[in-house]
Amino acid sequence: MSVLLCHLDVEEDGDTLVARLIGEIDLSNAALIGQDIRARVANHSLGVVLDLAGLTYLDSAGLEVLFDLRRRLESRRQQLIIAVPADSPVYRTLQLVGLIERPAAG
Amino acid sequence: MSSVTPRMQSEKDLAPPSRGVPDFHTLFLSAPDAYLVLAPDLTIVAVSDAYLRATMTERDAIVGRGLFEVFPDNPDDPEATGTANLAASLERALATRRPDTMAVQKYDIPRPESEGGGFEERYWSPLNTPVLGPDGEVELIIHRVEDVTELIALKQKGSEQEDEIYRRAQEIQAMNEELRAANVRLAELDQAKTDFFSNVSHEFRTPLTLLLGPIGDLLAAPDGLTAGQREALELAHRNALRLLRHVNTLLDFTRLESGRLAPTYEPVDLAALTREHVGAFESACADAGLELELHLLPLPEPVYVDRELWEKIVLNLVSNAFKFTLEGRLEASLSAADGHVELLVRDTGVGMPRVELERVFERFHQVRGRRGRTQEGSGIGLALVKELVELHRGEIEIDSAVGKGTTVRVRIPSGSAHLPAEAVVRERDGRPESISSQAHREEALRWIDGTEPSAATDGIRERHTVLVADDNADIRRYLERLLSPHWRVRLAADGRAALERARAEPPDLVLSDVMMPEMDGVELLKALRDDPVTCTIPVVLLTARAGETATVEGLEAGADDYLAKPFSAPELIARVRTHLELARQRTALAREQAARAAAERLAARLQNLRAVSDVAFDRLELDALLGVMVERVARIVEADAAAIELVGDDGSAAVRAATGVELDTAGFADAVTAAGRPVQLDAPRPLATAVGVPLVAEGRAIGDLLVGRVHPQPFADEDVQLVQMAAERVALAVEQAALRDTRRRISDPIHPGPLPELPGMQVAACWRPSGGRDGTGGDFYEVVPLADGRVGLAIGDVAGRGERPAALVSQLRSVLRAYAMEFGSPGEVVTRLDRLVRSSGEPRLVTLLYVLIDPRRWHVHLASAAHVPPLVLAPDGHASHLELAPSPPLGMVAGEREETTFELAPGSTLLLYTDGLVQRRGESLDDGFERLERAARSLPAEVDTGGLCDAVAAALLGDVAEDDAALLAAHVLPPEERLALELPAVPESLAPLRRALTHWLEAGGVGAGDVGAITLACGEAAANAVEHAYGPGDGSVELAAERDGEDIALAVRDRGSWRAQRGEDRGRGLMLMEALLDEVDVKVRPEGTTVLLRKRIAEEAA
């Protein structure tokens, strides 16, 4: 179930990695998803854009993965950009923990 | 309830045929992977040969001993974490009873004493797999490792190389900046000079150009001139050039007069400076048979002079001496005495009468009747010298006797006290080149009639070679003299000769006249550019006139620069220098870029290796893995088509996964498996090139992996290696799947596992085999809960019996699940399955019905592929079939599938089934439908879905069915007042818990925002219970929810004791609960923990 709960779709756009997460992230798959994303970030990437528009659930285990990812990228001088529309079910959660600050554009 | 089991591989695939049971001990010892078997106390129980080899150990020395006793941390590596990480992983495996994959570890291993002792640096990719006994307890741990030391080394090398490249790129950038700045300075100087000339010497230069142009043209023409005419023209040409020099001298006067000549006095090594300028006459003197005697020993201290002016002084004096000396010698000496420095230039020349000496320093005075090398002379030289010496606050004396020679003495004061302070600088960078010495020397050489210049051997300061192409011997010589102090110079008399020389030994720069016989400069340029050996050599063209058509043509043909004659020597030197430097930079840049590209390729390769050997694949089902693998391989090697074929029991191959262009794979499997190695295939249209790699398991070819391209670019060796790696991975997965399949079949031949628990819905299924002995039929069903609360129901039928249809069924089921979750819409899902079946090449009839049901809205979307329509059982007992438009079977449609929507009466039951239920020999299908509707109508109203399936199957099939039949029934439950759930306390329970809660809340009219908040808070509470309440695998978590006025009140309960919370994340979970809900109360008691949650529901809830 955990594999199918969330689908990771990765696309390289020049020096930026665009990772699209579709589905739900909870304790059962968070670590695996984190691993998958990390494995795809090349050393030469300038940063990662996480497109969470397709994410319908994100719990604290998932948040931990995002914080961890941001920490790791920062240590490598790479940027993490979280893209999420304001009407997304996970928008408020991300805002509560400070992963996003301003309302998403559009 | 009963159901269908897919079968993929038979046991025959695994066991060696007809040899009985294999010797598993030997198999284990000689397994290709490195295995260590550990007891739960981490004592080594068994070890494979590969492990012994990898760790340089002996079996007797390690079996029976503790793992960490045998493999301690490297004491010399203070950062060693190998034992700690491994211990943690083993503990996890013991505690969770699940395989634990470790990240790549640095774990150095002790080297045997016989090989020098100490530790050897190693990196490993370990996997710890517990082996459970019948009681569920861990009996053993299989510790599998893969030595990835080389991969890591390769990776580190890659990043070092990147650093180096970065550093060097920085250097190049800095150099480029300098060069750019130098070019800017040069351009500014050029500009200043140009301005000056246009202001001051316009009247001189314009007629001079008009004179030199036509004469140059006439001389450049290969024929049409008599020897006498040519001679006369050459004379005119030489004199025009001379005039140019005098213009320059006059300009110096102009500058002096106008006060624009502002000398800068700096301390210089005067002996060295003087030698540099006098030395320019060495070869001229040697050619003229004159002795040149120099006394230019270093002076005790630097002398303050203006370098440029001093140069003019020396050159004028020496060239005068040379001019009027036909035999004997020239002498130049430098001495210091009583606060002065004296330059003495003496010759044994014709001398001049005493009476003339008084007027010799007057401008334009020329001594009459003097026999010299030339009658030329403006009479301006000595006058200028006098002015220049006076600028240095010095004196000049001349002493001469007719027939004996002339002596000139220049005396200037030492030190700088006599000079205006603002014009004195203490130190300045040495000027790299002498501007006018070449012009003077060149002129001196011209005076030696008919003398061939010596090979330019003096003053080669750089090792660059300049190839000069000019048909005019004068110009050739002139250019050689000009360039040879700086570079090695080679000469060619026309374009063809130049091309031959350039090809034989490529020069660093070509300087070519445009107008030449045989092959002109533009043709030469084109020929050089066409040859890969010479195409990067900078080419500078010399033209007689600016704006000539040939010049434009030359620049268009890719000349790097052009110079119009007459050009100044410094300008030529500067341009040649610039282009040599630019070419050097270009070469260096190209080299850096090549190195960078190599490093990038290395990085990409590592990335690709990762992509095909991803450990996450271990978790995927075979068909999902084949799908992922085929996609990745296609992407990595840029294939337009890729396919995986597996050989079945009957020896024929079938496509199991494919992507891109549809492939006709007929015959490929045989060709590839026969070759036993990667082979080029006769690519079917529209492919232009194709390669097949065998899938080998246990030394036996089990299929092949094909890649093809539409464009005719063949696959590189590196691509083929990657495909091979992927093939190894696929082969391994196929073996594993076959093993799993066998195990499953031994334990339970029919049931694929229980149907999922669905909130708000009751589903049941039933499968009736016909009882034949010839294997399983191809009926199947699938229930897929989607994230948004909807449920996908699928039922299908693959014609035929046995392994092949079963394999297709298995593939369809797993792919269908993935498509259902990804695309949602039934039309899209069936369209995708069409493509899959088409590409599988299975000529089988497949029918399918996919229904998407939303239990909250009482309606269904569906798409059918020639399948029998579903039956709807209304709450009032009415039973009828949905009316579907005719549709072709799976794989027979290339376009989009149609999708139909039906509204259901609340409380309806939907029955999906295969035609085996209704089909009878000699009967129309409509009879069958009617029989089914009758049977359904006669059922009691309170029957549940399980009862419905069983009753209908019994009524229609009796005891023995003619064909297999499958039934799938779904009933939407009315909303409940109260929700109560109990689920095992494992992470996998969280998703069903959320679905149940979401459904219950939505059914109760709670708005989306509140549903999200409540679901997340409960999810956090349940996750806490899962993570902290129990040991692994124990216990359960309960959720109770009810409406309390305007509130929703919830309780999440476990019966364990919470262990200490760890880390920020758990705190974050509690924070989220408190932020999202109105009340959060955590009650920790010895018998368990209860989290009470409460939230007021927003008014506008719909």
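**Questions on a predicted two-chain model**

Me: Which residues line the largest cavity in this predicted model?
Reply: The model is predicted, and the lining of its largest cavity is drawn from chain B. The residues that line this cavity are Tyr51(B), Thr55(B), Leu67(B), Phe71(B), Leu86(B), Gln105(B), Tyr107(B), Ile109(B), Trp124(B), Pro126(B), His143(B) and Val145(B).

Me: Which elements of chain B each supply at least two residues of that lining?
Reply: Tyr51(B) and Thr55(B) are among the lining residues, and the helix α2 covers residues 49-55. Trp124(B) and Pro126(B) also belong to the lining, and β7 covers 123-132. His143(B) and Val145(B) line the cavity too, and β8 covers 138-147. The elements that each supply at least two residues are therefore α2, β7 and β8.

Me: What is the volume of the largest cavity?
Reply: The count of cavities of 30 Å³ or more comes to 6. The largest cavity has a volume of about 120 Å³.

Me: Is Lys323(B) buried or exposed?
Reply: Lys323(B) lies in helix α11, residues 307-323 of chain B. Its C-alpha atom is separated by 9.7 Å from that of Val350(B), which is 27 residues apart along the chain. The relative accessibility of Lys323(B) is 9%, and the limit for burial is under 20%. Lys323(B) therefore counts as buried.

Me: How many disulfides does the structure hold over all chains?
Reply: Cys766(B) is buried, with a relative accessible area of 2%. The closest cysteine sulfur to that of Cys766(B) is in Cys949(B), at 5.7 Å, which is too far for a bond, because a disulfide requires sulfur atoms within 2.5 Å. Over all chains, the number of disulfides is 0.

Me: What is the relative accessible area of Cys1018(B)?
Reply: Cys1018(B) is another cysteine of chain B, and it is classed as buried. Its relative accessible area is 0%.

Me: What percentage of the residues in chain A is buried?
Reply: Chain A has 4 helices and 5 strands. From the N terminus on, its elements run α-β-β-α-β-β-α-β-α. Of its 106 residues, the buried share is 52%.

Me: What percentage of the residues of chain B counts as buried?
Reply: Chain B contains 29 helices and 40 strands. Its accessible surface comes to about 51800 Å², of which 51% belongs to carbon and sulfur atoms. Of the 1102 residues of chain B, the buried share is 50%.

How values were computed: Residues numbered from 1 in each chain as written. Chains lettered and ligands numbered in written order. Predicted model: local features only at pLDDT ≥ 70, side-chain atom pairs only at ≥ 80, totals over all residues. Heavy atoms only, no water. Buried < 20%, exposed > 50% of the residue type's maximum accessible area, 1.4 Å probe, protein only. Areas by Shrake-Rupley, 256 points an atom, 1.4 Å probe, with all protein chains shown as cover. 1 Å grid on protein atoms, 1.4 Å probe; cavity = no way out; pocket = protein on both sides within 12 Å on 5 of 7 lines; lining within 4 Å. Points joined across faces, edges and corners; volume = space filled by probe spheres on them.
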